[in-house]
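This briefing covers one protein chain, grouped by topic. Please keep the sequence and the coordinates open while reading.

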Amino acid sequence: MDRTFQVDLRGVVDLLSHHLYASPRVYIRELLQNAVDAITARRAHDQGARAAIRIEPPDVTGDGTLRVHDTGIGLTEEQVHQFLATIGRSSKRDDFGFARHDFLGQFGIGLLSCFLVADEIRVLTRAEGAPAVLWRGFADGRYSVTTEGQERADVGTTVTLVPRRDAGEWLRRDTVTELAGLYGSLLPFRVDIAGRAVSGDGPPWQGGAEGRRERLVEYCREVFGFVPFDVVDLAVPEAGLTGVAFVLPTPTSPAARAGHRVYLKRMLLAEGAEGVLPPWAFFARCVIDTSELRPTASREALYEDALLESTREALGDQLRGWLVRLAGRSPQRLGEFLEVHHLGVKALALHDDEMLRLVERWWPMETNAGRMTLAEFRAQHGLVRYTAQVDEFRQIGAVTAAQGIPLVNAGYIYDTEIVERLPQVEPGALIERIEPGDLSTAFEGLDPGVELAKRPFLQMAQRALDRLGCEVVLRVFDPAGLPAMYLTSRSASFAAELRATRERADDVWADVLDALARTDEQDRPQLVLNYRNPLVRRVTEIPDPQLVRLAVEGLYGQALLLGHHPLRPADAALLNGSFLGLLNRAVGHEE
């Protein structure tokens, strides 16, 4: 035999309060939604019907209750039994002869949320041509319906809340006024609290053209707390969406949670909705009103579906269009924007050709010839040589400049990807990645006679650094004031990491790492000594092997420090030992 589910109303209320709604304050929103939907339903049949919502807090009613009056369509006794006593059943689907789309909420669950702050809910309602009906619901699951003796001449509904002992603060006048203003400020119907109107004149972006920007700037300051860099109009007809985006005037982290204010048919849905704009648009905060996007069950966020995805893309396109227009009409303002929010634009440029062209033309990057845009760099030098890490640029930027090799620092976030994507949108663009290890081939070699004469010195120098896995070479390069450079490639760095890891690993993993390390035995970092430097030339003439070792170790340590290379424990010990050894040789010592 089939049986009917038994519902524990207290359990349902507990579920709502702890798992569905973020706060009891949503009860005001649900009451306003029901009132707005009732008025909408009535006006569908009688366009001249009065549209008003009146809220009376306990200090007005005088009996400790809160009352909400509306001039909506009202309910008959049959509809009261059918909808108010059945959880989850909506009176707004087809019962009033038009689509569910025209309504904000769902009567059953919405009214149930009032039990978050009330022990008893009374609904006094009258439909056209029907007697008034009083429904009384209690938090323990009981309800009653009566029709006799109820005096309500006007069509509409009055909801009365009898507060719980621990929820009186939620029904106080100042709290109710604040919440009603928060949720209902954009409603198209008048909402009064004790004679004071809290609903506004509609969305601020839909006002007259005169003084519009000033109004929106002031609105942004009140809502988000900042004066925007610019205001961008938003509209997505398929989502019934209008609104504005406010561009932040200060930098913000791409990882920061961007909260947007979302209204559903002019009722506030969420103050901090996420996922409204694409992730790259973290530089904007928006306020939107939509009629087609779906809310989640708690009605505090937007439901993720295909329409929201297409809406997000459309809003991203509109922000992208604003950037393009800004570049065309006010390059100086675009430059100011990029100084603040270049990360968002560069993130977009990774997959958007138009934005890539904008970045190439307008965003200045660091080079060894000063800051300039990629377009300017290409115009002056043709080939775009670049480093993929900031440390690499620091190591070789000045030296490459001295050799007449222009170089771009593409080590900052997204810069390498942007440079490497450039030939896809500019077929004539030429790029070349430079690693520090590549520089040794660009340096001038010694004369054969000099190189032969310096071979004994190189052998002594090599013995000094063999234990560190570093190769010593003599070259000639500018600037002459730089005595030595430490150059390494990615593969050499990887091999060094393998060797360091192998020293800490157990026997099994050491054998595995040995096999991997053997493939890179010939690819070692280099200490390049500059024979053009007077100090280096004097060092190469020292006959004492011990002093050569100390000098080469000192030059090795200095090259590491000047090149911003990390110091391993062995490097630090070597640098300290060479310093003390040279100091000892300089001052002499007693036997």
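Does Glu-360 count as buried or exposed? At 6% relative accessibility, Glu-360 counts as buried, where buried means under 20% relative accessible area, exposed over 50% and partly exposed in between (1.4 Å probe, protein chains only).

This is a predicted model, in which local features need pLDDT of at least 70 and side-chain atom pairs count only at pLDDT 80 or more, while totals for chains, interfaces and linings use all residues. Residues are numbered from 1 along each chain as its sequence is written, and side-chain values use heavy atoms, with hydrogens and water left out.

**Overall composition**

- The protein chain has 20 helices and 21 strands; these are DSSP runs numbered from the N terminus, with helices being H or I of at least four residues and strands E of at least two.
- Of the 591 residues in the protein chain, 49% are buried.
- Among contacts with a separation of 6 or more, 67% are between residues 24 or more positions apart, a contact being heavy atoms within 4.5 Å.
- The accessible surface of the protein chain is about 28,500 Å², and carbon and sulfur atoms hold 50% of it. Areas come from the Shrake-Rupley method with a 1.4 Å probe, and for residues only the protein chains shown count as cover.

**Strand S10 and its partners**

- Strand S10 (residues 241-247) has 6 of its 7 residues buried, so this strand is largely enclosed by the rest of the structure.
- S10 pairs with strand S9 (residues 230-236) in the antiparallel sense, over 7 bridges; two strands pair if DSSP finds at least two bridges between them.
- Within this pairing, Leu-241 of S10 has Val-236 opposite.
- The hairpin of S9 and S10 has 4 residues between the strands, and Gly-240 there takes a positive phi near 55 degrees.
- S10 also pairs with strand S13 (residues 284-290), again in the antiparallel sense, over 6 bridges. Gly-243 has Ile-288 of S13 as its bridge partner.

**Salt bridges**

- The count is 35 salt bridges, each being a side-chain nitrogen of Lys or Arg within 4 Å of a carboxyl oxygen of Asp or Glu.
- Glu-360 is bridged to Arg-378, with the closest N and O atoms 2.5 Å apart. This pair links distant parts of the chain, since Glu-360 is in helix H10 and Arg-378 is in helix H11 (residues 374-381), 18 residues apart.
- Arg-378 has a relative accessible area of 22% and is therefore partly exposed, whereas Glu-360 is buried.
- Arg-320 and Asp-352 meet through their side chains in a salt bridge of 3.2 Å, N to O. Arg-320 lies in helix H8 (residues 306-329) and Asp-352 in the loop between helix H9 (331-349) and helix H10 (353-362), so the pair ties together parts that are 32 residues apart in sequence.
- Both Arg-320 and Asp-352 are buried.
- A network of salt bridges links Asp-317, Arg-320, Asp-352 and Glu-354.
- Arg-142 and Asp-140 form a further salt bridge, with their closest N and O atoms 2.9 Å apart. Arg-142 counts as partly exposed at 49% relative accessibility, and Asp-140 counts as partly exposed at 38%.

**Cysteines**

- The number of disulfides is 0, a disulfide being a pair of cysteine sulfur atoms within 2.5 Å.
- Cys-220 counts as buried at 0% relative accessibility, and Cys-470 is buried with a relative accessible area of 0%.

**Individual buried sites**

- Thr-177 lies in helix H6 (residues 173-184) and is buried, with a relative accessible area of 13%.
- With neighbours within four places in sequence left aside, the contacts of Thr-177 are Ile-193, Arg-196 and Val-198.
- Glu-435 lies in the loop between strand S18 (430-433) and helix H14 (448-453). At 10% relative accessibility, Glu-435 counts as buried.
- The C-alpha atom of Glu-435 is 6.4 Å from that of Thr-387, a residue 48 residues apart from Glu-435 along the chain.

**Surface patch**

- Phe-579, Leu-580, Leu-583 and Val-587 form a nonpolar surface patch, with about 410 Å² of accessible area together.
- Patches are made of residues with over 30% relative accessible area and no salt bridge; like charges are joined within 9 Å, and nonpolar side chains (Val, Leu, Ile, Met, Phe, Trp, Tyr) within 5 Å.
- Leu-580 lies in helix H20 (residues 569-587) and counts as partly exposed at 47% relative accessibility.
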